[in-house]
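Dear colleague,

Below it you will find what I noted while going through it.

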Amino acid sequence: MTNDAQPRTQWLGRWGFVLAATGSAVGLGNIWKFPYITGEYGGGAFVLVYLACILAVGVPVMMTEIAFGRRGRGSPIDAIRRVAGEAGASPVWSLLGWMAMLCGFMILSFYVVVAGWSFAYLWKMLSGGLAGSSVDEMAAIFGANNESPLNLGFWSTLVTVATMAIVGKGVQAGIEKSVSWMMPGMVVMLAILIGYGAFSGGFGEALRFLFTFDAGSLSSEGMLAALGHAFFTLSLASGAILTYGSYLPGRASIARTTLSVAVADTVVALMAGLAIFPVIFANGMEPASGPGLIFMSLPLAFQAMPLGTLFGILFFVMLSMAALTSSISMVEATVSWLTDNKGISRRTASWGTGIVLWLISTLAMLSFNLGAEWTLAGKHFFDWLDYLTSRWMMPLGGLGMVLLAGFVLKNQAFREELGLSPAWHALWLFMVRYVSPLGILMIFVDALGIAKLQFGSHWPWLLLVLGVITVVGELASPRLKRAFDA
Ligand code: PHE
């Protein structure tokens, strides 16, 4: 059992939490995943739904998660159990914590492979292995990098070891220190790339692609992807933010920190889009080229620009660091749960977790070579890990948490943790009770084919339904609460 008598570690500096949470949020999701899924789902409409999901779902869920963490002062499982217990609700709600912990672990299992690409490309930049002047040559280099399990395995193993080493060192010395200089560096690098993109000839097309809204171009699949990505990019419902929140000092404002993290994350994602798509269009590449998108496009830009090799090296250093500050946050939940409950040291917990992680990530890595044939319903193990976590587990976990916070628990705990003025608190409550759950449910209903919610044409109706449900919900909530608590 957790040792409640011992005060929990807290972030050292005033900026500790914001830096660490931003480090967690900003990662491969922004620079690798956002551009490539935007390319796959057709651009502007996807971007708009993604931004709406960040605001309507991401921000309220993040506030809720941080509040759970700080109130419960523990890993997701322990924190949710405690906060639920405090309000007399069932301990079964801690299943949400189990799912989050599993989710973080599953994400990390494929994340280390992608982070491994980044390290491999850094090495290629340093050793001159990226010579090539056409899209085809770059695609061939990307393919060759994946072909050998030994090569790919080497890089993902390196990422696993680095992650566990940092986590093993602890919250302050390991995590907090490593993020404080890396975020600004990343932003500068992206700004340089955008500057290059502005003169590459593809900038206008990139702007149009990213910001022209064409409702017809968005499928239900794309909406589900946008929702899932909002969760992924903000590190929600996967243990990371909740656990980091458990180290947050009592006086820090949860709303303000959430907003800073969400804004920083969104800015970096949009900057990445503006850096990458001009290169893609200028070189006649296909935006829907899949996970290899940035690895096949950016090296071309670096080659064409003055001092390109230097910038390329800096870029991949930053990308690798951004990946690490995210990867460490994915296991922090597991490591903190093990140290709190199993009486083992942080070091032992980290390396133990690392071994299991290494085994699963090796299977994910094999999806690109030896296991290329091992598919289930057309998806590799790597794709399954990504698909299950972003599309289903994170939105479901988020849904569970907002419903728990909005309807089941006594308001007092959240009032104290969030410390908002009555009007802002009412807004938060309205968001977690109605807007976020309905947003998540709508997208699920649509994706499961239960009803077609043609995006763009029916939204006045959706608003009306939202209004009706809100009124009914407000009237019924005292009963609901009693029913849940019983
Ligand atoms: N938010 C991280 C990124 O964008 C990924 C992540 C997901 C980190 C879940 C922690 C937990 O790269």
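A helix here is a DSSP run of H or I with at least four residues, and helices are numbered from the N terminus. Please keep in mind that the model is a predicted one.

With that in place, A333 can be located in helix α15, which spans residues 308-341. Because buried means under 20% relative accessible area, A333, at 0%, counts as buried. Leaving aside residues up to four places away in sequence, A333 touches S75, P76, M101, G239 and T243. The C-alpha atom of A333 is also separated by 6.2 Å from that of A240, although these two residues are 93 residues apart along the chain.

The ligand is surrounded by 16 residues, of which the closest are A25, G29, Y111, F232 and S235. A polar side-chain atom of Y111 lies 2.5 Å from an oxygen atom of the ligand, while a polar backbone atom of A25 is 2.9 Å from an oxygen atom of the ligand. For S24, a polar backbone atom is 3.1 Å from a nitrogen atom of the ligand. On its own the ligand has 330 Å² of accessible area, and the protein covers 100% of this.

Turning to the surface, L370 lies in the loop between α16 (346-366) and α17 (381-408), and with a relative accessible area of 58% L370 is exposed. Together with L363, W374 and F381, L370 forms a nonpolar surface patch, with about 420 Å² of accessible area for the four together.

Terms used:
Residues numbered from 1 in each chain as written. Predicted model: local features only at pLDDT ≥ 70, side-chain atom pairs only at ≥ 80, totals over all residues. Heavy atoms only, no water. Helix = DSSP H or I, 4+ residues; strand = E, 2+ residues; numbered from the N terminus. Buried < 20%, exposed > 50% of the residue type's maximum accessible area, 1.4 Å probe, protein only. Contact = heavy atoms within 4.5 Å. Patch = residues over 30% accessible without salt bridge, like charges linked within 9 Å, V, L, I, M, F, W, Y side chains within 5 Å. Areas by Shrake-Rupley, 256 points an atom, 1.4 Å probe, with all protein chains shown as cover. Salt bridge = Lys/Arg side-chain N within 4 Å of Asp/Glu carboxyl O. Near = heavy atom within 4 Å. Polar contact = N/O pair within 3.5 Å; in protein donor to acceptor, adjacent residues only side chain to side chain.
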